[in-house]
Amino acid sequence: MPQAAWSKKRERQYQHIKASVRKRGAAEDVAEEIAARTVNKERAQHGESRAASVSTLKDMPAPRRGGLRSHSGAGGRTYQQLYAEASSRKIKGRSGMNKAALEKALAR
């Protein structure tokens, strides 16, 4: 799925991420999507793409993030991830909740 806009480095990065995700047992199409999203986010954060969302630019890079942002990693989901899920589930009072309160509300 490498794109024409990607450099050789980004194509290698895509293949590496895809192989890593496949090694962990994910399906081929899931691995391709994760790899492509990661590479595109890296490109946006390094100014290699035309447009990038504000959340992408403010987020930490994937190599630094590592397992910090996984759903079961050290810190669990981020406040923004929890808030987005609370918003999609229409949980009342979510704007005044902190991370712990959001986790508790979503667990119900």
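**Helix packing and surroundings**

Helix H1 (residues 8-23) packs against helix H2 (residues 28-45) at an angle of about 140°, and their axes are 8 Å apart. H1 is therefore oblique to H2, given that angles under 35 degrees count as roughly parallel, over 145 as roughly antiparallel, 65 to 115 as roughly perpendicular and the rest as oblique. The axes are lines fitted to C-alpha atoms, for helices over the stretch in contact, and the angles run from 0 to 180 degrees between N-to-C directions. The crossing of H1 and H2 is right-handed; a crossing is left-handed if the near helix is turned anticlockwise from the far one by less than a right angle, and right-handed if clockwise. On the H1 side, the contact is made by Arg10, Gln13, Tyr14, Ile17, Lys18, Val21 and Arg22. H2 contributes Glu28, Ala31, Glu32, Ile34, Ala35, Ala36, Thr38, Val39, Glu42 and Arg43. Contact here means heavy atoms within 4.5 Å. By class, the residues of the contact of H1 with H2 are eight nonpolar, two polar and seven charged. In this scheme Ala, Val, Leu, Ile, Met, Phe, Trp, Tyr, Cys and Pro count as nonpolar, Asp, Glu, Lys and Arg as charged, and the others, Gly among them, as polar.

The model is predicted: local features need pLDDT of at least 70, side-chain atom pairs count only at pLDDT 80 or more, and totals for chains, interfaces and linings use all residues. Residues are numbered from 1 along each chain as its sequence is written, and side-chain values use heavy atoms, with hydrogens and water left out.

In outline, the protein has six helices and zero strands, and its pattern along the sequence reads α-α-α-α-α-α. Helices (H or I, at least four residues) and strands (E, at least two) are DSSP runs, numbered from the N terminus. Of the 108 residues in the protein, 27% are buried. Buried means under 20% relative accessible area, exposed over 50%, and partly exposed in between (1.4 Å probe, protein chains only). Among contacts in the protein with a separation of 6 or more, 22% come from residues 24 or more positions apart.

Glu33 also lies in helix H2. With a relative accessibility of 40%, Glu33 counts as partly exposed. Glu33 and Lys18 are 15 residues apart in sequence, and their C-alpha atoms are 8.5 Å apart in space.

The segment before H1 holds Trp6. Trp6 has a relative accessible area of 4% and is therefore buried. In sequence Trp6 is 42 residues apart from Glu48, while the C-alpha to C-alpha distance is 8.8 Å. Which aromatic pairs does the structure hold? A search of the whole structure finds two aromatic pairs. Trp6 and Tyr14 form a tilted one, 5.3 Å centre to centre with 50° between the planes. Rings of Phe, Tyr and Trp (its six-membered ring) pair if their centres lie within 6.5 Å, and planes under 30 degrees apart count as stacked, over 60 as edge-to-face and the rest as tilted. Both Trp6 and Tyr14 are buried.

The contact involves Tyr79, Leu82, Tyr83, Glu85 and Ala86 of H5, together with Lys99, Leu102, Glu103 and Leu106 of H6. Six of the residues in the contact of H5 with H6 are nonpolar, none polar and three charged.

Gln81 is placed in helix H5. Its relative accessible area is 30%, so Gln81 is partly exposed. Gln81 and Leu102 are 21 residues apart in sequence and 10.0 Å apart in space, C-alpha to C-alpha. The loop between H5 and H6 contains Lys90. Lys90 is not a glycine, yet has a positive phi of about 55°. At 64% relative accessibility, Lys90 counts as exposed.
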